[in-house]
Amino acid sequence: MKTLTTERLTLRSWTSDDADFVFDMYSRWDVQRYIGGSNARIMELHAEAVERIERWQHLDHPIHGIWAVQRTSDGQLLGTLLLKPIPASGEVPPQPSGETEIGWHFHPDAWRYGYATEAAAEVLRHGLAAGLGTIVAVTAPENVASQNVCKRIGMEHQGTTVKYYNETCELFLIASEAHGTSPAAPGA
Ligand SMILES: CC(C)(COP(=O)(O)OP(=O)(O)OC[C@H]1O[C@@H](n2cnc3c(N)ncnc32)[C@H](O)[C@@H]1OP(=O)(O)O)[C@@H](O)C(=O)NCCC(=O)NCCS
């Protein structure tokens, strides 16, 4: 997975040393409330954090990733940025829809500093520059904070959809032409 940087942030692979942070973040209802739709639940065991990091470390994709977002100045972990296949509604087990979604989960201590928007804008740029034609984001209808991130990074609201996750979601989309990012030349 490619390490990405912004003015204030470093987006890197997760390591086993990050398990305390992952557990602290995902064991909070404030963070989990809108993740997983009607199946939303908090992480209850530290071992789940260890297992989740191991799963994230095994992802091997030239464009997609699940990044640890860290403040560059002091190394403080802030949250997670995701670029991954989005599952279609209707299938058990879930089947990929063929589309790519962007998502963000930040620790409440890192909210309201613009970090999620800064990290998301860079992952969006990376994905479109690497050749993705479109990227979608879905949020719970009540998750206004997340919808604001979508808008800040230039995604267009497409209305409500039931196409993904067997849930009713607000759908946001951006196409590479609208973003003005040209795919990198092969090998660049
Ligand atoms: C969704 C989530 C990442 C949004 O976090 P956030 O901190 O509100 O988002 P941003 O990074 O865009 O920060 C924007 C806020 O920082 C403020 N800000 C402060 N300093 C800033 C700076 N230097 N640059 C930009 N914005 C700054 C902005 O004014 C804005 O505040 P406002 O909401 O009062 O207008 C966060 O609520 C979260 O992690 N929720 C739990 C997980 C979740 O629901 N994920 C989404 C699932 S779909």
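This is a predicted model: local features need pLDDT of at least 70, side-chain atom pairs count only at pLDDT 80 or more; totals for chains, interfaces and linings use all residues.

Trainee: Which polar atoms of Phe106 and Asn143 are involved with the ligand?

Mentor: For Phe106, a polar backbone atom is 2.8 Å from a ligand oxygen. For Asn143, a polar side-chain atom lies 2.9 Å from an oxygen atom of the ligand. Both pass the 3.5 Å limit, so they count too. As for cover, the protein hides 71% of the 960 Å² of accessible area that the ligand has on its own.

Trainee: Which residues come nearest, and which element gives the largest share of the shell?

Mentor: Of the 20 residues around the ligand, Trp104, Phe106, Arg112, Thr117 and Arg152 come nearest. The largest share, four residues, comes from α5. Elements supplying at least two residues each include β5 (96-106) and α4 (115-129).

Trainee: How are the shell residues split by class?

Mentor: Ten are nonpolar, six polar and four charged.

Trainee: How do you know whether the chain's radius of gyration fits a compact globule?

Mentor: With 188 residues, the globule rule gives a value near 16 Å, and the protein chain has 16 Å, so the two agree.

Trainee: And what share of the residues counts as buried?

Mentor: Buried means under 20% relative accessible area, and 46% of the 188 residues count as buried.

How values were computed. Residues are numbered from 1 along each chain as its sequence is written. Side-chain values use heavy atoms; hydrogens and water are left out. A residue is near a molecule or strand if one of its heavy atoms lies within 4 Å of it. A polar contact is a pair of N or O atoms within 3.5 Å; within protein, one must be able to donate a hydrogen and the other to accept it, and residues adjacent in sequence count only if both atoms are side-chain atoms. Accessible areas come from the Shrake-Rupley method with a 1.4 Å probe; for residues, only the protein chains shown count as cover. Ala, Val, Leu, Ile, Met, Phe, Trp, Tyr, Cys and Pro count as nonpolar, Asp, Glu, Lys and Arg as charged, and the others, Gly among them, as polar. The radius of gyration is taken over C-alpha atoms; the globule rule is 2.2 Å times the number of residues to the power 0.38. Buried means under 20% relative accessible area, exposed over 50%, partly exposed in between (1.4 Å probe, protein chains only).
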